[in-house]
Amino acid sequence: MRTVRLRTVHPVLWAGWAALAAGAVLCVIGWYGVSGERFAERQLPYLASCTVPGAALIIAASVLLTHGRGALAAARVEELYGLLVAVEPADAENSGPAAAAPQAVSGDLLMVPGGTLWHRADCPLVAGKAEAVPVDAKLVRSGELGPCPICEPAEADD
């Protein structure tokens, strides 16, 4: 999945860098030509043929690089989301309604200090974390913490 999407992004980045280099070269050539001429009527051809197209290429390069970096970031986020969410069943027996059941079934509720969710003790998001502490029933009822979408703890479990 990663190689297919990211290969389409690299040509945009390469085109952006090439346009940036070409624009910079044209601007330098235009500056050099203008600096060697004393009269404005002799400077205009350098401005028209080098400096203005060079500046346009630099602007186009910034657009291409911004688009390429955004597409690269979107591809990485999409890949990470796919890794986080896409849970394929190990065999055909797990593809029934039982596959939609929560991943954790423990009755003990935990939270991570500073977090916004409460979890079952065997939830993969808090399992093995030493900083996880038991949830206070007042916090659950006050609405300061929300239930974890992975382990789906019910309020009746506290």
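How many helices and strands does the protein have? The protein has three helices and four strands; helices (H or I, at least four residues) and strands (E, at least two) are DSSP runs numbered from the N terminus. The model is predicted, so local features need pLDDT of at least 70 and side-chain atom pairs count only at pLDDT 80 or more, while totals for chains, interfaces and linings use all residues. Residues are numbered from 1 along each chain as its sequence is written, and side-chain values use heavy atoms, with hydrogens and water left out.

**Figure 1. Overall arrangement of the protein.** From the N terminus on, the elements follow the order α-α-β-β-β-α-β. Of the 158 residues, 22% count as buried, where buried means under 20% relative accessible area, exposed over 50% and partly exposed in between (1.4 Å probe, protein chains only).

**Figure 2. Helix 2 and the annotated spans.** Helix 2 (residues 40-85) comprises 46 residues and reaches 64 Å from its first C-alpha to its last, close to the 68 Å expected at 1.5 Å a residue; the expected span is 1.5 Å times one less than the number of residues. At L47, helix 2 bends by about 45 degrees, the bend being the angle between axes fitted to the seven residues ending there and the seven starting there. The buried residues of helix 2 are C50, G54, A61, L65, G68, A71, L72 and A75. In an unreviewed UniProt entry, the annotation "transmembrane region" covers residues 12-34 and 46-66; UniProt positions are given in the numbering used here, feature names are shortened, and annotations may be inferred rather than shown by experiment. Residues 12-34 are 100% helix and 0% strand, with end C-alpha atoms 32 Å apart. Residues 46-66 are likewise 100% helix and 0% strand, and their end C-alpha atoms are 29 Å apart.

Figure 3. The open sheet has the strand order 3-1-2-4, with mixed pairing. Strand 3 (133-134) and strand 4 (146-147) stand at the edges with a single partner strand each, so one side of each is left without a neighbour in the sheet. Two strands pair if DSSP finds at least two bridges between them. Strand 1 (residues 109-111) pairs with strand 3 in the antiparallel sense over two bridges, and L110 stands opposite P134 in strand 3. Three bridges join strand 1 to strand 2 (residues 117-120), which run antiparallel. In the hairpin of these two strands, which has five residues between the strands, G114 takes a positive phi near 90 degrees. Strand 2 and strand 4 pair in the parallel sense over two bridges, with W118 opposite P147 in strand 4.

**Figure 4. Surroundings of H119.** H119 is found in strand 2 and is the bridge partner of L110 there. H119 counts as buried, at 6% relative accessibility. Leaving aside neighbours within four places in sequence, H119 is in contact with D108, L109, L110, L125, V126, C148, C151 and P153; contact means heavy atoms within 4.5 Å.

**Figure 5. Surroundings of A132.** A132 lies in the loop between strand 2 and strand 3 and is buried, with a relative accessible area of 16%. Leaving aside neighbours within four places in sequence, A132 is in contact with L110, M111 and V126. A132 and A121, 11 residues apart in sequence, lie 8.9 Å apart in space, C-alpha to C-alpha.
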